[in-house]
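I opened the model to look up a few things and kept notes as I went. The entries follow in the order of the look-ups.

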Amino acid sequence: HLNSHHEGLLRQISQSGLELDLLNLSNQRTLPVDGLRELGSKMKNLRVLICSNIGSLRDSHLVVMAYCFPFLEELDISFPLDSQASDFGVLRLSSMLENLRKINISGNYLITDKSLFSLCQNCLSLEEISFFTCYKITQLGIASAIRLRPGLNSISFNIEKKRIHGPGLTLTPIDLDLIDSFRSLKSLTAIDLSNSVISDEFLFAVAEGGGLLLKKLILQNCCNCTFSGISYVLSKCQSVQCLDLRKADFLTDQCIRKLSLFLLNLTSINLSGCCQLTNSTFFILTRNCSSLSEIKMERTYLGVEGEEEEEDSMPDSFVNLEVKKLYLGDNVL
């Protein structure tokens, strides 16, 4: 959040003799291009560059990043306020960063399937990619990219909740080709589908692909799936450590009781906005999930006795020493 002098600061850093590993230039009104060039002339081994929420991002900026720091492994150019970055810039960047393992291009609304394809084709070490709110990237484009890079271990994106006209204004369906492509992601350890329209069939494919390797599952504010789909993916992926089911308003205490049988490795869970959950869910989680260290149950019915409160309440002698963090705001309590 420096308001000025970032060009001069980068110039001083470049002359300092330091060997930087990571540089974070997020929240700048402008990208300090000249400072980056000078820094790149002295520190070409920079491994991580974060330029999130930049005031303006253009193709020329992407070329400068890649030219100055050819050995980048991680790059974040997400959510610029004014994005003029296009497929041309991403193609140039991808052709120059052979070592790139992680990239976040979320919020760059001009880029299309071509950008995703070029990243998966040119960056042979690519393991993790995020592209939220890139609505010119299609479901077919995602499927094609996944087939090019089946070794991805983390993918984050959202399928827009558009509605198509017809009887009842139904949600846009998920393409069968996209569903099928997820069965090829055998190395998947993390998936974030926040604010997406998904389906049980899609979750079945995630389970068949990720299997026992999946450790992070983020489904916050998703729609069009049911308890059946969530239960299936967790029963097949019992290594999940981080689970986010925010605003899954169909979940009940009884649902959590059933899911807890599969959550033996769980360390963090977010159930905020699940409006049917009561004290019973809290007791079930702390008793059945022995590795759980973080519980988020904001805006639920915590403080209200569940229908099976007597059965779910913990005996006085029960102590769970693993739980370290509780987020319980906006509850009845």
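I count a charge as sitting over a ring if NZ of Lys or CZ of Arg is within 6 Å of the ring centre and within 35 degrees of the ring normal. The model is predicted, so I note that local features need pLDDT of at least 70 and side-chain atom pairs pLDDT 80 or more, while totals for chains, interfaces and linings use all residues. Residues are numbered from 1 along each chain as its sequence is written, and side-chain values use heavy atoms, with hydrogens and water left out.

Charges over rings. I found the charged end of Lys 44 over the ring of Tyr 67, 5.5 Å from its centre. I also found Lys 296 over the face of Tyr 327, at 4.7 Å from the ring centre.

Sheet. I took helices (H or I, at least four residues) and strands (E, at least two) as DSSP runs, numbered from the N terminus. Two strands pair if DSSP finds at least two bridges between them. I found an open sheet of twelve strands with parallel pairing, in the order β1-β2-β4-β6-β7-β8-β9-β10-β11-β12-β13-β14. β1 (22-24) and β14 (325-327) are at the edges with a single partner strand each, so one side of each has no neighbour in the sheet. β1 pairs with β2 (residues 48-50) in the parallel sense over three bridges. Leu 22 has Val 48 in β2 as its bridge partner.

Aromatic rings. I paired rings of Phe, Tyr and Trp (its six-membered ring) with centres within 6.5 Å; planes under 30 degrees apart are stacked, over 60 edge-to-face, the rest tilted. The search of the whole structure gave five aromatic pairs. Phe 131 and Phe 157 have ring centres 5.2 Å apart and planes at 5°, so I logged the pair as stacked. Phe 131 is in the loop between β7 (128-130) and α6 (139-148), and Phe 157 in the loop between β8 (154-156) and α7 (176-181), so the pair ties together parts 26 residues apart in sequence. Both Phe 131 and Phe 157 are buried (under 20% relative accessible area; exposed is over 50%, partly exposed in between; 1.4 Å probe, protein chains only). Ring pairs join Phe 131, Phe 157, Phe 182 and Phe 202 into a cluster.

Cysteines. I searched the whole structure for disulfides (cysteine sulfur atoms within 2.5 Å) and found zero. For Cys 120, the nearest cysteine sulfur is that of Cys 123, 8.3 Å away. Cys 120 is buried, at 1% relative accessibility.
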